[in-house]
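Biologist: Please take a close look at one part of this model for me. I would like to go through the ligand site, residue by residue.

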Amino acid sequence: MIKKILSSMVMLSCLHAVAQQKGVITPGAIWPDNKGVHINAHGGGVLVHKNTYYWFGEHKVEGDEGNRAQVGVHVYSSKNLADWKDEGVALSVVEDTTSLLVKDCIIERPKVIYNQKTKTFVMWFHHELKGQGYKAALTGLAISKNITGPYQYIKSVNPHAGIWPMNIPDAYKKTDTTLNVEGIKWKSPQGQKLTEEGYFVRRDFKKGQMARDMTLFVDDDGKAYHIHSSENNQTLHVAELTDDYQNFSGKYTRVLEGKANEAPAIFKHEGKYYMISSGTTGWDPNPARLSVADHPFGPWKELGDPSRGTVAENKTTFWSQSTYIIPVKGKKNAFIYMGDRWTPKNAIDGRYIWLPILFEDGKPILKWFDSWDISIFNKN
Ligand code: DGJ
């Protein structure tokens, strides 16, 4: 009950905005595209290409079935990050019931990166199979020569079948013959210990690891990383992609073992890698988590909660869950936190919480702004 009252208070305090104005970002408001329709790109990511931003995200529909893929991945373009043009559906689900991409499967958190060598746009997304809930924990791949698509669906995989993570101790590479995990709560100390000691990695070793909430990150040297919630959402895996970005190279590490992180979003600032992630509370928001590393593979060090709002705002990350961090083109030290305010009862009504990332004592932080535009970064 108290949780419910607190929730509605936060909703009210964060929901003062009504609609976006031209050139201005109004977090939590209805965000009309060039046709006046609320942008439909949830759990998304933004790619900057040839001086234009492209926002890819889950196309939701009305009602609670709208969280399953009835349409596919939608894409929008913009020059100023505030006004967006509808570029249509980049990846479509299909009617063919023999395809894994059949309508009513789950497609979440699509991210697109550009591969210079093959001149190809590469999309990876979290993919669940129709009628199986979140059991399959696959990551899907689709590619296109054209940034706005149509993207061709290639495959979905549980990565790293038969490959150990680079940072797992040899002692954990044993086979569990007698272990009974029935009734174990994975967030309890006992569950966390089992996870840390590699229970899930061993369990999924042959078939491939779980890959749910995900993001992509391309480093300055062109190497791309696929970062995803694995091990029953208890541990993140940071995986290097091959040079064409279309496969896993086989090099991966376990990150923040047993700490149950979802919604990873990564950026690089002054030689350090920062990650904002969330805890695991379904569609409900929870406090964001900030971590730092000297390399995407880690080790990652936890830096606490980056939110600097009221207690209620911090508890819910301004009523949002991270999805991506946009490096603003042509500006140094200018990054935007992209978060989703999910509305599972009517998925299409989900709102976007975009906030400028500010730095306090050299560390990234989040503060609420009723509205703002990218001139906020001119001071940098
Ligand atoms: C939290 C994840 O971050 C979302 O992408 C979605 O999978 C929901 N869980 C489903 O409950």
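Modeller: What follows covers the ligand site, then one histidine. Keep in mind that this is a predicted model.

Start with the shell. The ligand is surrounded by Glu-108, Arg-109, Tyr-134, Asp-213, Glu-262, Gly-282, Trp-283 and Gln-321. Sorted by class, that shell holds four charged, two polar and two nonpolar residues.

Asp-213 has a side-chain N or O atom 2.4 Å from an oxygen atom of the ligand. For Glu-108, a side-chain N or O atom sits 2.6 Å from a ligand oxygen. Arg-109 places a polar side-chain atom 2.9 Å from an oxygen atom of the ligand. How much of the ligand does the protein bury? On its own, the ligand exposes 290 Å², and the protein buries 90% of that.

Next, the histidine. His-127 belongs to strand S6, which runs over residues 120–128. Is His-127 buried or exposed? His-127 counts as buried, because its relative accessibility is 0%, and the cut-off for buried is under 20%.

One of its polar atoms lies 3.0 Å from the backbone oxygen of Leu-100.

Methods: Residues are numbered from 1 along each chain as its sequence is written. This is a predicted model: local features need pLDDT of at least 70, side-chain atom pairs count only at pLDDT 80 or more; totals for chains, interfaces and linings use all residues. Side-chain values use heavy atoms; hydrogens and water are left out. A residue is near a molecule or strand if one of its heavy atoms lies within 4 Å of it. A polar contact is a pair of N or O atoms within 3.5 Å; within protein, one must be able to donate a hydrogen and the other to accept it, and residues adjacent in sequence count only if both atoms are side-chain atoms. Accessible areas come from the Shrake-Rupley method with a 1.4 Å probe; for residues, only the protein chains shown count as cover. Ala, Val, Leu, Ile, Met, Phe, Trp, Tyr, Cys and Pro count as nonpolar, Asp, Glu, Lys and Arg as charged, and the others, Gly among them, as polar. Helices (H or I, at least four residues) and strands (E, at least two) are DSSP runs, numbered from the N terminus. Buried means under 20% relative accessible area, exposed over 50%, partly exposed in between (1.4 Å probe, protein chains only).
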